[in-house]
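Here are my notes on this one, as numbered points. Have the model open while you read.

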Amino acid sequence: MNDDTTGTVESADVRDVSDAFAVLGDETRVAVLEALVEARREGPEQRALTFSELRERTGVTDSGRFNYHLGKLRGRFVEETDEGYVLTYAGREVVGAILGGTYDTDVQLEPEPLDDPCPMCDTELVARFDDGDLDVTCENDHTVLRTSVTPGAATDRSMHELLSLATRRTYARIELLAGGICPECSGRVDREIGEPDVDVQVEYSYETSCERCGAFTRSSAGAAVLRDQTFIAFCDAHDIDIADRLPWTLPFLTDGETVQTGEDPPRYRVRVEADDERLDLTLDERGVVVDTERTTS
Ligand SMILES: [Zn+2]
Ligand SMILES: [Zn+2]
């Protein structure tokens, strides 16, 4: 593909996106989307509203003016069904982002010291949340978690609840990433296990990058096994509640329990230990679990 063609495709995409946002630059139209969400909350089975119900709920008296605004949303964010108007996929996504506080830029929580020490240097860990960025670090700049959480989630949660939410979201994202799917845009994701080229205190990292939107993640190689069925069964057998376990309290995610065991093709072994049992999971170069072995010591 030559540069000209690429340029043309990109400017058409950008125009579509800016048209879509321009449509939402009006209070009445946003009120229409919110009224449809309210209807869905009241009765998930009867989520459609007729033209006049919708007009009453948004408080617009002039039916011609209301029709004009509804027309701007129709086809893109709302659609007309036999029962009335409902949100389209794009409408549901945009309302989800508004309610989640994606566009709020002033949500902060007080930094909070945590009970578990830094796994690298044993000093105190502190959690910080600022406008959607959630970090857990120690005084020696070891970062054990860096992720984003929609600001709306922080308005009615404590730091500990936010960390629990972020952990579950991280695990859900790993599930998609391990399947080669981007959690942001559903594009295809390249995955790679290897030695990180920056100093991140782990010997082997699991890196993913999206071909479509460029979203990039880096974690320790151990993260690749978090949604593996054998690993989950092992945790279950040892009463480890993996869904609620904060990542830096899992030794195989933070210290050198991952080693390279083969070069051609590359193979890596993640070791998980609990009680008197051990689970070795072998990963290929994309972080796919290709072999497991459970032994009692
Ligand atoms: Zn530290
Ligand atoms: Zn993507």
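1. Start with the largest pocket: 39 residues line it, and Val144, Leu145, Arg146, Arg218 and Ser219 lie nearest its centre. A pocket here is an open set of points on a 1 Å grid over the protein atoms alone, where a 1.4 Å probe fits, with protein on both sides within 12 Å along at least five of seven lines; lining residues have an atom within 4 Å of a point.

2. Before going on, some ground rules: this is a predicted model, with local features needing pLDDT of at least 70 and side-chain atom pairs pLDDT 80 or more, while totals for chains, interfaces and linings use all residues. Residues are numbered from 1 along each chain as written, chains are lettered from A and ligands numbered from 1 in written order, and side-chain values use heavy atoms, leaving out hydrogens and water.

3. Back to the largest pocket, which holds about 1,100 Å³ of space. Strand S6 (143–148) gives the most to its lining, with 6 residues; helix H6 (159–178) and strand S8 (205–210) are among the elements that each supply at least two. Helices (H or I, at least four residues) and strands (E, at least two) are DSSP runs, numbered from the N terminus.

4. Now the zinc ion (ligand 2). Its protein donors are the SG atoms of Cys182, Cys185, Cys210 and Cys213, lying 2.3 to 2.4 Å from it. Donors are N, O and S atoms within 2.8 Å of the metal (3.2 Å for Na, K and Ca). Angles of 101 to 114 degrees among the 4 donor atoms make the site tetrahedral (four donors, all angles between 85 and 135 degrees).

5. Along the chain, the zinc donors follow the spacing C-x2-C-x24-C-x2-C. Cys182, in the loop between H6 and S7, and Cys213, in the loop between S8 and S9, are 31 residues apart and link distant parts of the chain. Buried or exposed? Cys182 is buried at 2% relative accessible area, whereas Cys213 is partly exposed at 41% (buried is under 20%, exposed over 50%, partly exposed in between; 1.4 Å probe, protein chains only).

6. A few backbone spots to check. Most residues other than glycine have a negative phi, and most peptide bonds are trans. Asp131, in the loop between strand S4 (124–130) and strand S5 (133–138), has a positive phi of about 50 degrees. Ser186 has one of about 65 degrees and is exposed at 57% relative accessibility. Asp264 and Pro265 are joined by a cis peptide bond, with omega about 0 degrees.

Notes:
Grid points are joined across faces, edges and corners, and a volume is the space filled by probe spheres set on the points. Four donors count as tetrahedral if all angles lie between 85 and 135 degrees; four count as square planar and six as octahedral if opposite donors are over 155 degrees apart and all others between 65 and 115; anything else is irregular.
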